[in-house]
Amino acid sequence: MQPSSPAQTQQRSADELRQISLNMSKQIIEITSEAGSGHPSSSLSAIDILTCLYLRPIMRYDPDRPEWPHRDRFVLSKGHAAPGLYVTMAHAGFFSQDLLPSLRKNDSPLEGHPNMRAVPGLESSAGSLGQGLSLGVGHALAGKMDHGDFHVYVMLGDGEVQEGQVWEAAMFAASHKLDNLTAIIDHNGYQQTNAVGKVMPALYPLPPKWQAFGWHVEEIDGHDISAILHTFEEPPETGGAPRMIIAHTLKGKGLSTFEEDAKSRKHGTAVKEDHVQAALDELQQQYQNQT
Amino acid sequence: MNIGTDIGLDYGPATRDAFGEALAEAGRHRLDLVVLDGDVANSTRTEYFAEEFPDRFFNVGIAESNLVGIAAGLAAFGKEVVVASFAAFLMCNAFDQLRMSVAYPRLNIKFVGSHYGINIGQDGPSQMGIEDMALARALPGFAVLCPADAPSTRKATDAMLDHEGPVYMRVGRPKFPIVYRDDFEYRIGKANLLRSGDDVTIIACGLMVACALVAAHQLAEEGIKAAVLDMHTVKPIDSEAIESAARHTGAIVTAEEHLLAGGMGAAVAQVVCRRYPVPVACVGLDDTYAESGDPEHLLTKYHLAPQDIAAAAQSVVNRKQHVST
Ligand SMILES: Cc1ncc(C[n+]2csc(CCOP(=O)(O)OP(=O)(O)O)c2C)c(N)n1
Ligand SMILES: [Mg+2]
């Protein structure tokens with residue numbers, strides 16, 4: 001008999017999710033600022049997708065039973081977006097929100113990059129880019145071997161896909177028809193030192209590359225909650241292919257404090273204390289403009 | 001960090017800054033020098049070179065195996081090449097390329113890994129290079145450098161560029177205390193004695209040299225005279241200096257910000273065993289990863305603080321007396 005997941009019982013509306021995403025975006029700014037380091041801009045580009053996966057919820061899981069075998073798996077390959085994932089997991093009930101301000105501090109389980117042995121519900125330890133898709137493939141393969149009913153999600157950075165291992169994993173996933181695997185590229189256009197298109201122009205265009213590797217490819221606006229919900233909730237027939245969702249996002253979610261750095265959107269830089277309020281106000285303004 | 005301020009050490013630039021500046025300077029007279037980085041030039045400080053010599057700098061992207069492979073091709077062609085990334089990603093992600101494409105054909109390439117040790121603090125274990133020296137030591141023909149402060153890193157960078165053969169140098173993220181104040185010589189393979197003493201020799205590298213100097217002060221208060229030897233070259237190790245330290249002080253402590261497995265302490269112990277056996281204690285990470293946190297908190301929690309070095313010195317001094325009676 002299959003136990004059911006309590007997180008699944010009620011679905012939040014798109015409007016509720018927009019509100020939650022706003023609150024969580026604010027928390028990302030606050031906790032990284034409090035820590036004095038971290039990657040807020042890389043977390044903000046991912047936050048709307050994380051919101052939908054964990055808090056609609058699109059994924060099936062039970063925060064009280066993080067090891068529940070039927071849970072869907074989420075692997076954060078771009079591990080530096082840990083603040084975004086921690087905030088989301090706290091809202092999902094894996095741990096108390098009171099823990100969030102301890103980010104990166106002495107003896108906190110919320111380390112700078114995810115440590116799966118420290119936080120229940122984290123499916124991977126990460127921080128060295130390029131490895132998460134292979135982990136996701138392993139989970140998906142195990143699911144196929146054991147006739148598991150779960151789905152595996154992996155989130156990658158667009159700079160991260162320069163790592164060769166990503167394409168080794170891509171080949172394998174398509175070869176083994178892992179249609180229980182969905183990868184998401186947080187396509188914010190920037191990596192650590194520059195724009196992706198400046199560092200490695202031939203990485204573009206992305207969609208035909210993934211198609212050529214045997215994946216079913218879709219492109220979405222990664223900040224449009226309705227579009228995200230639609231994409232994940234009405235999955236297409238892929239004929240056995242794994243799914244790649246290329247999500248067009250904004251590194252730093254379009255906040256001026258990040259945009260003033262034309263080169264890399266202040267990659268890996270926390271907002272200084274005296275700029276925090278302005279950033280929070282701007283997020284609030286964005287939210288009001290969109291609703 | 002505050003380490004060493006109590007004994008009057010001043011803080012200088014980070015050793016990565018010193019490397020970046022020395023590299024850019026070298027670019028002005030080494031007109032064939034090519035620098036490759038894996039999308040972390042603002043962290044490794046190769047950005048200084050990149051800004052001045054954009055035609056001789058390449059960001060290979062987030063692709064460390066490819067980074068090392070391309071460097072090997074350039075070097076085989078005859079270019080003078082420096083490669084930089086985080087110590088962890090460079091050595092761990094590209095180890096087979098280092099082995100097969102660089103060490104085996106003995107190509108003359110210089111590798112620099114930044115963010116070594118647990119002193120990087122908040123970013124946590126995934127970004128901490130703690131096995132890099134063991135890996136580099138395991139590559140036949142490689143020299144391995146771990147300079148202690150900014151002034152010696154400047155000289156180490158020049159020495160590295162002058163050296164015939166592959167070199168791996170590790171540099172740190174935060175500001176380090178300055179241990180070389182006066183004029184000094186830096187030669188690859190030649191350890192520098194920074195403090196004399198008759199009872200025990202502390203052999204350290206990198207940030208641990210400053211910690212060793214603090215420990216030596218603490219020991220002096222207890223009547224133990226500790227010498228401090230900067231083993232900035234971990235390979236080829238200065239066997240002469242180690243043997244003479246063993247003969248002169250009869251007890252040795254090593255201190256490194258690295259796993260005990262395969263690091264500087266292991267290299268020193270091997271020399272001591274072979275040449276002149278005396279009690280040895282090794283301070284380093286004991287078969288564990290660290291975690292996120294404040295750098296000094298981590299150094300204390302993982303037993304790499306001055307007091308741990310002093311305690312290790314106490315223990316070898318006790319063992320020495322035990323052996324001699
Ligand atoms: C193997 C590896 N190389 C380099 C780094 C350093 N690094 C951390 S984040 C980053 C940029 C990542 O860019 P992207 O994948 O586009 O992620 P974003 O932050 O834009 O979401 C780099 C180079 C790393 N963590 N791992
Ligand atoms: Mg990006």
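Start in chain B and select B:Arg45, which sits in the loop between α2 (41–44) and α3 of that chain. Helices here are DSSP runs of H or I with at least four residues, strands are runs of E with at least two, and both are numbered from the N terminus. B:Arg45 isn't a glycine, yet its phi is positive, at about 75°. Is B:Arg45 buried or exposed? With a relative accessible area of 16%, B:Arg45 is buried. The cut-offs are under 20% for buried, over 50% for exposed and partly exposed in between, using a 1.4 Å probe and protein chains only.

Before you click on, some housekeeping: this is a predicted model, where local features need pLDDT of at least 70, side-chain atom pairs count only at pLDDT 80 or more, and totals for chains, interfaces and linings use all residues. Residues are numbered from 1 along each chain as its sequence is written, chains are lettered from A and ligands numbered from 1 in the order in which they are written, and side-chain values use heavy atoms, with hydrogens and water left out.

**Stop two: salt bridges in chain B**

Now select B:Glu52 and B:Arg28, whose side chains meet in a salt bridge at 2.6 Å, N to O. (A salt bridge is a side-chain nitrogen of Lys or Arg within 4 Å of a carboxyl oxygen of Asp or Glu.) B:Glu52 belongs to helix α3 (residues 47–52) of chain B and B:Arg28 to helix α1 of chain B, and this pair links parts of the chain 24 residues apart. B:Glu52 is partly exposed at 36% relative accessibility, and B:Arg28 is partly exposed at 48%.

**Stop three: around α10 of chain B**

Walk along to B:Pro236, in the loop between β12 (233–235) and α10 of chain B. The peptide bond joining B:Lys235 and B:Pro236 is cis, with omega about -5°. Next, colour helix α10 (residues 239–249) of chain B: its buried residues include B:Ile242, B:Glu243, B:Ala245 and B:Ala246. While you're looking at a helix, remember that an α-helix has 3.6 residues a turn, so residues three or four places apart point the same way. Just after α10(B), B:Gly250 has a positive phi of about 70°.

**Stop four: over to chain A**

Select A:Lys253, found in the loop between β5 and α10 of chain A. Phi of A:Lys253 is near 55°, a positive value in a residue other than glycine. Which side chain does A:Lys253 meet in a salt bridge? The partner is A:Asp48, at 3.8 Å, N to O. A:Asp48 is in helix α3 (residues 47–55) of chain A and A:Lys253 is in a loop, so the pair ties together parts 205 residues apart in sequence. A:Asp48 is buried at 4% relative accessibility, and A:Lys253 is buried at 10%.

Then find A:Pro57, in the loop between α3 and β1 (73–76) of chain A. A cis peptide bond joins A:Arg56 to A:Pro57, with omega about -5°.

**Stop five: strand β5 of chain A**

Highlight strand β5 (residues 243–248) of chain A: 5 of its 6 residues are buried, so the strand is largely enclosed by the rest of the structure. Strand β3 (residues 181–187) of chain A runs parallel to β5(A), joined by 6 bridges. (Two strands pair if DSSP finds at least two bridges between them.) Strand β4 (residues 216–221) of chain A is also parallel to β5(A), again with 6 bridges. Click A:Met244 in β5(A): A:Ala183 has it as bridge partner, and so does A:Val217.

**Last stop: ligand 1**

Finally, zoom in on ligand 1, which lies between chains A and B. How many residues surround ligand 1? There are 24, and among the closest are A:Lys78, A:Asp158 and B:Glu64. (A residue counts as near if one of its heavy atoms lies within 4 Å.) An oxygen atom of ligand 1 is 2.5 Å from an N or O atom in the side chain of A:Ser42. For A:His80, a polar side-chain atom lies 2.7 Å from a ligand 1 oxygen.

Conventions:
Polar contact = N/O pair within 3.5 Å; in protein donor to acceptor, adjacent residues only side chain to side chain.
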